[in-house]
Structure formats: structure tokens, C-alpha cells
Amino acid sequence: TVFFIRFTILLFILFRPKFLDDDSLSIPFNKLLTNSKNISFQDFEFLFYSNHYYLNTKASLEDFSLKLNHSKEEVTIFVKTQLDQNFTDLLNQNRVEYLKQLLRSKKFESFTIEALSEMSGFGTRRSMYNSFNKYVGMTPGEFIITLN
């Protein structure tokens, strides 16, 4: 069997089909390494929103790009053109919305603000306060008062 396989390969090399020489069938090597198709909004939405990627405290553009199987530049351009934001603002805005949902559900009564902040994906209390104030216009404490 080994002889037959070697013989077949040798015949293929010597009497190679002509269609293999057609340039329209060839693909440059660098095109094989890069994913040239555009980012699908469904893939982005599934990973970012459905899987709650923004709740990950270690969320980053690099990590998200790897999970989406695209370059950082492609993801940056996609977020800027499709959502008119940068990636960090998109993360923080969704984290603030999630934190507001937690506060409305009265979970703040049994958890500290730091715990809720961590549940919302913020790494530090300061970043949570800055983002909350940027998108809501008040601190979480003031927001809790408005709920009552």
C-alpha cells in the first residue's frame, strides 16, 4: 500500500492537471492568515450583549477581538461606524445600565455599592462612579434616592 501511495503521488506530480496552474484559483499566503470578511452584527451582538461580555471585569478590546476572530483595528472601526462610540465607552455604558437595573431591583439593600460595581463589570469603585456620573449625571447614591 505504501508503494501504491508513493506511485500515485509521483504520477500526480509528473502529470499534474492543468487547472491547478490557473491563477484565479490561487490565494496569496497572507490572505490565508487574515480574516478578510467583515464583522457580522449578529456575531458582535451575540458575543457582546447575549453573552454579557461587558460584565467581565477583565474585558478589553484585545480579548474581545480574539473572541470575535478579528483584528483590534477591525473591531474598533466596526464599533465606531456601527455604534458611533469607542469600545471603552460601549463597555462602560452597558455596565452602567446593568448597574441601574440592579439598583432598581432593590439588590442594593443587601449588597454594598462595591459589590454591585463588581457585579456590573467595573474593576474599581472610582471607575464605576466616574462612568455612572458621566452617563446618568448623578452618583449611585443619588440615583437610589430618586428610586424611593
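Count up the salt bridges here and you get four, where a salt bridge is a side-chain nitrogen of Lys or Arg within 4 Å of a carboxyl oxygen of Asp or Glu. Side chains of opposite charge can pair when their charged atoms come close. Keep in mind that this is a predicted model, where local features need pLDDT of at least 70, side-chain atom pairs count only at pLDDT 80 or more, and totals for chains, interfaces and linings use all residues. Residues are numbered from 1 along each chain as its sequence is written, and side-chain values use heavy atoms, with hydrogens and water left out.

- Lys 134 and Asp 89 pair up through their side chains, with 3.1 Å from N to O.
- This pair links distant parts of the chain, 45 residues apart: Lys 134 sits in helix H8 (residues 125-136) and Asp 89 in helix H6 (residues 87-104). Helices here are DSSP runs (H or I, at least four residues), numbered from the N terminus.
- Lys 134 is exposed at 54% relative accessible area, while Asp 89 is partly exposed at 21%. The cut-offs are under 20% for buried, over 50% for exposed and in between for partly exposed (1.4 Å probe, protein chains only).

- Glu 97 and Lys 100 form another salt bridge, at 3.3 Å from N to O.
- Both belong to helix H6 and sit three residues apart, which is about one turn of the helix.
- Glu 97 is partly exposed, with 36% relative accessibility, but Lys 100 is buried, with 12%.

- For Glu 114 and Arg 125, the closest N and O atoms of the salt bridge are 2.2 Å apart.
- Glu 114 is in helix H7 (residues 113-119) and Arg 125 is in helix H8, so this pair ties together parts eleven residues apart in sequence.
- Glu 114 has a relative accessible area of 34%, making it partly exposed, and Arg 125 is partly exposed too, at 41%.

**How H3 meets H4**
- The axes of helix H3 (residues 41-50) and helix H4 (residues 61-68) come within 11 Å and cross at roughly 125°. Axes are lines fitted to C-alpha atoms, for helices over the stretch in contact, with angles from 0 to 180 degrees between N-to-C directions.
- H3 and H4 are therefore oblique to each other; under 35 degrees would be roughly parallel, over 145 roughly antiparallel and 65 to 115 roughly perpendicular, with the rest oblique.
- In H3, Asp 43, Phe 44, Leu 47 and Phe 48 meet Phe 64, Lys 67 and Leu 68 of H4, contact being heavy atoms within 4.5 Å.

How values were computed. Helix = DSSP H or I, 4+ residues; strand = E, 2+ residues; numbered from the N terminus.
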